[in-house]
Amino acid sequence: MLKISGEALMGDQGYGLHPPTVQRIAQEVKSVRDLGVEICMVIGGGNIFRGLQGSAQGMERTTADYMGMLATVMNALAMQSALEDIGVFTRVISAIPMDQVCEPYIRRRAVRHLEKKRVCIFAAGTGNPYFTTDTAATLRASEMHCEAIFKGTKVDGVYDKDPKKHPDAKRYDRVGYTEVLTRNLGVMDASAIALARDNNLPIIVFSLDEPGGFRGILAGRGTYTTVQG
């Protein structure tokens with residue numbers, strides 16, 4: 001399971017999609033898929049609309065969260081287009097049915113897509129408000145029996161404090177689920193971490209900005225943090 005934020009698709013822009021960045025990430029996914037790895041993805045929607053921000057500005061929370069879910073579908077379709085442009089068969093699978101643009105989520109069908117080496121992009125979160133795409137990624141990874149969640153971020157792992165603000169920030173090579181929760185390290189939201197812990201699902205945090213980083217980690221190279229145990 002590859003989990004990336006919607007902001008990762010913005011590039012240097014302040015909003016929306018940056019096509020060269022989407023294409024670069026698609027190439028990263030293809031390089032791993034070419035190794036014979038079954039890949040599924042969850043992409044956030046924060047580059048278009050973030051439910052919590054809408055709620056903070058006075059919008060009703062449930063409505064704001066549904067709008068955020070629709071933003072993830074837009075990002076998923078953009079990634080599908082970029083992947084299929086380079087010859088990777090891809091299916092967008094939405095927790096909210098919208099048959100004209102993507103498939104509804106049916107677990108057995110999604111498993112079959114993965115068996116056929118198609119990339120599955122799970123969109124619209126869990127289909128429920130009050131849950132983040134981090135939780136959706138952990139849920140789908142558990143349902144698909146994924147071996148790990150790869151969380152692509154702007155930094156090369158988990159730090160004890162923000163490395164952009166604190167030059168003395170310490171990076172962890174390994175950290176436990178409980179420590180992430182008790183120290184509020186910000187890897188994922190608490191419900192996602194708890195779900196990963198309950199299913200013994202390791203989370204690998206790495207920098208998506210590092211060219212070849214995703215493939216390198218699978219080959220045992222690169223800098224990253226493993227959240228497990």
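In which loop is K117 found? In this predicted model, K117 is placed in the loop that runs between α4 and β5, and the residue has a positive phi of about 65° although it is not a glycine. Most residues other than glycine have a negative phi. The side of K117 towards solvent is described by a relative accessible area of 36%, so K117 is classed as partly exposed, the class that lies between the cut-offs of 20% and 50%.

A positive phi is also found at H145, a residue other than glycine, where the value is near 55°. H145 belongs to the loop between α5 (133–143) and β6 (149–153), and because its relative accessibility is 62%, above the 50% cut-off, H145 counts as exposed.

Helix α3 itself covers residues 61–85, 25 residues in all, and reaches 37 Å from its first C-alpha to its last, which is close to the 36 Å expected at 1.5 Å a residue. The largest nonpolar core contains 33 residues, of which I4, M41, M79, L83 and I121 touch the most other members. At least two residues of this core are supplied by each of β1 (2–4), α1 (19–33), β2 (40–43), α3, β5 (119–123), β10 (203–207) and α8, and the largest share, six residues, comes from α3. Another core, of 28 residues, lies apart from this one and includes I93, F122, Y177 and L201. In soluble globular proteins, nonpolar side chains tend to be buried together.

The surroundings of M41 illustrate the packing in the largest core. When neighbours within four places in sequence are left aside, M41 is in contact with M1, L2, I4, V29, M79, L83, V119, C120, I121 and F122. Among these partners are I4, M79, L83 and I121, which are themselves listed, together with M41, as the core members that touch the most others.

The second largest pocket holds about 390 Å³ of space and is lined by 17 residues, with M1, V37, E38, C146 and E147 lying nearest its centre. By class, the lining comprises 13 nonpolar, one polar and three charged residues. Both α4 (107–115) and α8 (213–218) supply at least two residues of this lining, and α4 gives the most, with three residues.

Helix α4 also carries H113. With a relative accessible area of 6%, which is under the 20% cut-off, H113 is therefore buried. Not counting residues up to four places away in sequence, H113 touches R91, I93, E103, R118 and C120.

Finally, T178 is located in helix α6, which spans residues 177–182. Its relative accessibility is 46%, and T178 therefore counts as partly exposed. Along the chain T178 and V119 are 59 residues apart, and a distance of 32 Å separates their C-alpha atoms.

Definitions and conventions
Residues are numbered from 1 along each chain as its sequence is written. This is a predicted model: local features need pLDDT of at least 70, side-chain atom pairs count only at pLDDT 80 or more; totals for chains, interfaces and linings use all residues. Side-chain values use heavy atoms; hydrogens and water are left out. Helices (H or I, at least four residues) and strands (E, at least two) are DSSP runs, numbered from the N terminus. The expected span of a helix is 1.5 Å times one less than its number of residues. On a 1 Å grid over the protein atoms alone, a cavity is a set of points where a 1.4 Å probe fits but cannot get out, and a pocket is an open set with protein on both sides within 12 Å along at least five of seven lines; lining residues have an atom within 4 Å of a point. Grid points are joined across faces, edges and corners, and a volume is the space filled by probe spheres set on the points. Ala, Val, Leu, Ile, Met, Phe, Trp, Tyr, Cys and Pro count as nonpolar, Asp, Glu, Lys and Arg as charged, and the others, Gly among them, as polar. A nonpolar core is a set of buried Ala, Val, Leu, Ile, Met, Phe, Trp, Tyr and Cys residues joined through side-chain atoms within 4.5 Å. Buried means under 20% relative accessible area, exposed over 50%, partly exposed in between (1.4 Å probe, protein chains only). Contact means heavy atoms within 4.5 Å.
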